Amino acid sequence: TVSIAPRPIRVLARGDWMDESGEVVEPGVPTIFKQIHEPTSPANTKPSRLDLARWVTSRDNPVTSRVFVNRLWRLFYGHGLSRNLEDCGAQGEAPDHPELLDWLAVEFIDSGWNVRHMIRQMVLSQTY
């Protein structure tokens, strides 16, 4: 196997990828989020794309499932449980029914990210 050294990643000045004067940064997630625990490969000291994918879909990080379920809710009911679909973070609008949104997000994860199951849950509910 051929080992290729990763290229340095820099902070881009105004998005100019040709400018090599920016600070060199390491891969990772922003510090305000729950961090990736361990890289999948002991040889790697840096997180990989697989580590990022596992982090995004982790039960410890329900943001992805909450956002998806909120968007599904909007498709069927005309508005999301959290009305602002663009900002689901700490500065966004709080959901109308946070317990329902949390329950749907956990149900989505427990179903193995089964979209059909979630659609069935929503359209067979008394709310629909």
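Which residue's side chain meets that of Arg59 in a salt bridge? In this predicted model, the partner is Asp110, with an N to O distance of 2.0 Å. Arg59 is located in the loop between helix H1 (49–56) and H2, whereas Asp110 belongs to helix H3, so the pair ties together parts that are 51 residues apart in sequence. Arg59 has a relative accessibility of 47% and therefore counts as partly exposed.

The structure holds 3 salt bridges. Another of them joins the side chains of Asp102 and Arg66, at 2.1 Å from N to O. Because Asp102 lies in helix H3 and Arg66 in helix H2, this pair ties together parts that are 36 residues apart in sequence. Both residues count as partly exposed, Asp102 at 37% relative accessibility and Arg66 at 23%.

A further salt bridge is formed by the side chains of Asp96 and Arg83, with an N to O distance of 3.5 Å. Asp96 and Arg83 each lie in the loop between H2 and H3, so the parts tied together here are 13 residues apart in sequence. Asp96 is partly exposed, with a relative accessible area of 38%; Arg83 is partly exposed as well, with a relative accessible area of 46%.

The packing of H2 with H3 was examined next. The axes of H2 and H3 come within 8 Å and cross at roughly 110 degrees. This angle falls in the range of 65 to 115 degrees, and the two helices are therefore roughly perpendicular to each other. On the H2 side, the contact involves Ser65, Arg66, Phe68, Val69, Asn70 and Trp73. These residues meet Leu100, Leu101, Asp102, Leu104, Ala105, Phe108 and Ile109 in H3. By class, the residues of this contact divide into 9 nonpolar, 2 polar and 2 charged. Arg66 and Asp102, both listed in the contact, are also the residues whose side chains meet in the 2.1 Å salt bridge.

The loop between helix H2 (63–77) and helix H3 (98–110) also contains Ser82. Ser82 has a relative accessible area of 5% and is therefore buried, the cut-off for this class being under 20%. Leaving aside neighbours within four places in sequence, Ser82 is in contact with Asn70, Glu93, Ala94 and Pro95. One of these residues, Asn70, is also among the H2 residues that meet H3.

Note on methods:
Residues numbered from 1 in each chain as written. Predicted model: local features only at pLDDT ≥ 70, side-chain atom pairs only at ≥ 80, totals over all residues. Heavy atoms only, no water. Helix = DSSP H or I, 4+ residues; strand = E, 2+ residues; numbered from the N terminus. Buried < 20%, exposed > 50% of the residue type's maximum accessible area, 1.4 Å probe, protein only. Contact = heavy atoms within 4.5 Å. Axes fitted to C-alpha atoms, helices over the stretch in contact; angles between N-to-C directions. Parallel < 35°, antiparallel > 145°, perpendicular 65-115°, else oblique. Nonpolar A, V, L, I, M, F, W, Y, C, P; charged D, E, K, R; others polar. Salt bridge = Lys/Arg side-chain N within 4 Å of Asp/Glu carboxyl O.
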